[in-house]
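Let's take a walk through this structure together. Have a look at the sequence and the model first, and then we'll go through some of the details.

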Amino acid sequence: MNRYFYYLIIVNMIANIVASVPRILLDARAKGAIVSMILALITCSMVTYITARFFNKFPGKGLPELLKEYTPKWVTIPFLMLLAVGWFATGLTTLINYSFLLKRFLTPDMSIQWIVSIFLCFISFGILMSSKSVLYTIETVLVFNIPLVFIIMIKAYTSEGMEWDFVKESVMYIYHIPSYSAFSAALFPSIGAGNLIIFNRVFTKKQRITWPQLGLIFFILTGNLATTYFVPIGYSGFEYIDRILYPWVRTSD
């Protein structure tokens, strides 16, 4: 697969590690969060494989082009509108979370309206960019930030403040039945492959996804979810972690 395919998956995982996902998973820590994450990993791997295989058959075409070509308008327009509403709700949720995150920790003296306005300026600029330019921007951001992410992860796992007894305590709840909210939250950072709906337009050459590539994606997703869930527990404890509004911000500090 094209390297940008991996970028779409990775940037989606990184963007959600400090958003609502950790809070939802940690709230369900005694209600089947671990089993939910395992099921989400399996589901996501299957969806990623099916999505990649599907779009690989139509190089250079996104879902809107395929729908217009193979389905009638009464199917195409409502379905695209449904996708647009879903993507808008997802983006709006991320925008709200990051705006209040900046307000609380980085710019407490700035009004929330100004923070949202600045975000919207960058978002509007991104909307006007071509798909290729967006992918180039994602690549640039990841090249500069992935080393920092790795350093933080290594430091998190090796620091003396990491109490593995808390992690072992959380693993004891692996036999609980899965939670739908935890399953959905665990699935959310792992759906980066769904961006092929639009960005497959850029992949004009025929691609193929192999089992080793899928295994690599599964490994990355597993590491991301494990870090998202277990590291905050290791630093803040198992009993009262749900009282922390932004567990990963505290863990990073």
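Is Cys-121 buried or exposed? Cys-121 is exposed, since its relative accessible area is 54%; exposed means over 50%, buried means under 20%, and partly exposed covers what lies in between, using a 1.4 Å probe and protein chains only. Cys-44, in contrast, counts as buried at 1% relative accessibility. As for disulfides, the structure holds 0 of them, with a disulfide taken as a pair of cysteine sulfur atoms within 2.5 Å. In general, a disulfide is a covalent bond between the sulfur atoms of two cysteines.

A quick word on what you're looking at. This is a predicted model, where local features need pLDDT of at least 70 and side-chain atom pairs count only at pLDDT 80 or more, while totals for chains, interfaces and linings use all residues. Residues are numbered from 1 along each chain as its sequence is written, and side-chain values use heavy atoms, with hydrogens and water left out.

Now for the overall layout. An unreviewed UniProt entry lists residues 5-26, 32-55, 75-100, 112-129, 136-157, 177-199 and 211-231 as "transmembrane region"; UniProt positions are given in the numbering used here, feature names are shortened, and annotations may be inferred rather than shown by experiment. How do two of those stretches look in the model? Residues 136-157 are 100% helix and 0% strand, with 31 Å between the end C-alpha atoms. Helices here are DSSP runs of H or I with at least four residues, strands are runs of E with at least two, and both are numbered from the N terminus.

Next, the aromatic rings. Rings of Phe, Tyr and Trp (its six-membered ring) pair if their centres lie within 6.5 Å; planes under 30 degrees apart count as stacked, over 60 as edge-to-face and the rest as tilted. By this rule there are 8 aromatic pairs. One of them joins Phe-5 and Tyr-6, an edge-to-face pair with 5.9 Å centre to centre and 75 degrees between the planes. Phe-5 and Tyr-6 are both buried. Why is the pair of Tyr-49 and Trp-211 stacked? Because the ring centres are 5.0 Å apart and the planes are at 15 degrees. Tyr-49 lies in helix 3 (residues 33-56) and Trp-211 in helix 11 (residues 211-236), so this pair ties together parts that are 162 residues apart in sequence. Tyr-49 is buried, with a relative accessible area of 18%, whereas Trp-211 is exposed at 60%.

There is also a cluster, in which ring pairs link Phe-54, Phe-55, Phe-58 and Tyr-70. Elsewhere, the charged end of Arg-29 sits over the ring of Phe-238, 5.3 Å from its centre. A charge sits over a ring if NZ of Lys or CZ of Arg is within 6 Å of the ring centre and within 35 degrees of the ring normal.

Let's move on to Asn-200, found in the loop between helix 10 (196-199) and helix 11. Asn-200 is buried, because its relative accessible area is 2%. Not counting residues up to four places away in sequence, Asn-200 touches Phe-55, Phe-58, Pro-59, Gly-60 and Lys-61, where contact means heavy atoms within 4.5 Å. Its side chain also reaches the backbone oxygen of Phe-58 at 2.9 Å.

Another loop residue worth a stop is Thr-71, placed between helix 4 (63-70) and helix 5 (73-105). Thr-71 is partly exposed at 25% relative accessible area. The side chain of Thr-71 makes a polar contact with the side chain of Thr-76 at 2.7 Å; such a contact is a pair of N or O atoms within 3.5 Å, where within protein one must be able to donate a hydrogen and the other to accept it, and residues adjacent in sequence count only if both atoms are side-chain atoms. The backbone oxygen of Leu-67 lies 2.4 Å from a polar atom of the Thr-71 side chain.

Finally, go back to helix 3, where you'll find Thr-43. Thr-43 is partly exposed, with a relative accessible area of 28%. Leaving aside neighbours within four places in sequence, Thr-43 is in contact with Phe-183 and Leu-187.
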